[in-house]
Amino acid sequence: MLQKIKRLSMQRWPWMLLILSCLGLLASALYFQYGLNLQPCIKCIYIRSAFVAVLVAAIIGLLVPANALFRLLALFGVLAAAGFGIMQANELLHIEQLLAEGGFFSCALFAEFPTWMPLDQWLPAVFEPTGSCGDTSWQFLDKSMAFWSAVSLWIYAVIAAILLLSQPVRISNNPYRD
């Protein structure tokens with residue numbers, strides 16, 4: 001079973017599927033921002049940057065999926081980015097719950113990206129926070145965008161973890177072994 005999973009990670013189409021899903025989710029975020037005028041808060045921007053990091057890692061995996069070093073780099077990248085995004089989404093869910101219970105919370109107005117990668121300065125139309133934390137004006141099945149972002153990132157993380165666990169397995173060329 002682990003051999004099949006490892007073989008899957010060595011093909012290009014799963015990486016392309018990951019890229020397409022990230023692009024779809026990022027396009028949805030931009031549609032919500034510019035089409036529906038739902039302005040992103042700082043946590044939303046950090047979650048968005050996690051999806052971009054997953055996208056970059058997937059592109060690395062797509063380039064040379066047969067190369068173990070690039071494949072591992074891509075898988076660890078997906079796992080790290082998804083973990084960061086999950087952490088940000090959970091913090092945003094906590095803020096939403098606090099505000100729903102009548103509490104008060106104020107989040108940062110400006111992004112704190114590393115000085116070597118100021119995404120909010122490079123692409124302000126995508127990475128500049130313009131909203132306040134805790135706004136749940138959009139919901140699907142009574143769950144906020146933060147919840148669905150966390151679900152998507154958890155799916156990415158679990159798949160990346162399973163693929164990472166399969167990497168040490170040696171692939172047999174024997175047609176009679178599975």
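Reply: Happy to! Start with the second largest pocket: α7 gives the most to its lining, with six residues. Helices (H or I, at least four residues) and strands (E, at least two) are DSSP runs, numbered from the N terminus. This is a predicted model, where local features need pLDDT of at least 70 and side-chain atom pairs count only at pLDDT 80 or more, while totals for chains, interfaces and linings use all residues. Residues are numbered from 1 along each chain as its sequence is written, and side-chain values use heavy atoms, without hydrogens and water.

Me: How is a pocket found, and what volume does the second largest pocket have?

Reply: Rolling a probe the size of a water molecule over the atoms shows where empty space is left. On a 1 Å grid over the protein atoms alone, a pocket is an open set of points where a 1.4 Å probe fits, with protein on both sides within 12 Å along at least five of seven lines; lining residues have an atom within 4 Å of a point. Grid points are joined across faces, edges and corners, and the volume is the space filled by probe spheres set on them. Here it is about 360 Å³. The lining has 15 residues, and Pro 14, Leu 17, Leu 18, Ile 159 and Leu 163 are the closest to the pocket's centre.

Me: Which helices each supply at least two residues of that lining?

Reply: They are α1 (2-9), α2 (12-35), α4 (68-100) and α7 (145-166).

Me: And how many helices and strands does the chain have?

Reply: Seven helices and two strands, in the order α-α-α-α-α-α-β-β-α from the N terminus.
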